[in-house]
Amino acid sequence: MPQPPKLGVSACVWHAKRVLIVQRANAPFAGLWSLPGGHVEAGETLLTAAHRELLEETGVKADLKQLSGVYNLDLGDGTYMIACYTGRWKSGKAVASDDVLALRWALPEELENLDFTPNTRDAIVRAKVLLKL
């Protein structure tokens with residue numbers, strides 16, 4: 001019997017015309033660049049999960065208000081529905097957690113030569129348009 005999709009979130013955070021990206025430390029996308037994010041825990045709203053994951057992975061707080069996209073991600077253990085929220089940096093110095101190999105605030109033109117997880121480029125472009133950057 002098919003399993004329902006698992007829920008995940010990501011946060012596309014902007015500051016001084018730069019987007020916060022992280023290099024994943026764990027499978028299935030270890031070594032690839034992505035937006036901060038992860039699983040939605042039982043009882044959490046999607047927005048609460050996005051704030052929590054952002055803070056846990058990067059130490060950053062943001063004004064996440066806009067849902068900028070919902071993406072399907074098919075992995076070996078099932079399908080994930082990833083809700084991507086976008087907003088602007090509020091506080092915190094970006095520091096990589098154990099789940100992150102590296103992080104950086106990148107200008108859009110610096111993203112061309114990086115290897116990203118599926119849908120990340122589209123999420124960044126959509127967020128940029130929504131925030132009118």
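Read from the N terminus, the elements of the protein follow the order β-β-β-β-α-β-β-β-α, which gives 2 helices and 7 strands. The model is a predicted one. Its radius of gyration is 14 Å, close to the 14 Å that the globule rule gives for 133 residues, so the protein is as compact as a globular protein of that length. Along the principal axes, the C-alpha atoms fill a box of roughly 50 × 30 × 30 Å.

The contacts can be taken next. Among those with a separation of 6 or more, 68% are between residues 24 or more positions apart. Of the 133 residues, 41% count as buried. The protein exposes about 7400 Å², and carbon and sulfur atoms supply 54% of that area. As for charge, there are 15 positive and 15 negative side chains, and the centres of the two sets lie 9 Å apart.

Glu44 sits in the loop between strand 4 (37-39) and helix 1 (46-58).

What does Glu44 touch, leaving aside residues up to four places away in sequence? The residues are His39, Ala49 and Arg52. With Arg52 there is also a polar contact, made between the side chain of Glu44 and the side chain of Arg52 at 2.5 Å.

Terms used: Residues numbered from 1 in each chain as written. Predicted model: local features only at pLDDT ≥ 70, side-chain atom pairs only at ≥ 80, totals over all residues. Heavy atoms only, no water. Helix = DSSP H or I, 4+ residues; strand = E, 2+ residues; numbered from the N terminus. Contact = heavy atoms within 4.5 Å. Polar contact = N/O pair within 3.5 Å; in protein donor to acceptor, adjacent residues only side chain to side chain. Rg over C-alpha atoms; globule rule 2.2 N^0.38 Å. Buried < 20%, exposed > 50% of the residue type's maximum accessible area, 1.4 Å probe, protein only. Areas by Shrake-Rupley, 256 points an atom, 1.4 Å probe, with all protein chains shown as cover. Lys, Arg positive; Asp, Glu negative; His and termini not counted. Charge placed at Lys NZ, Arg CZ, Asp CG, Glu CD.
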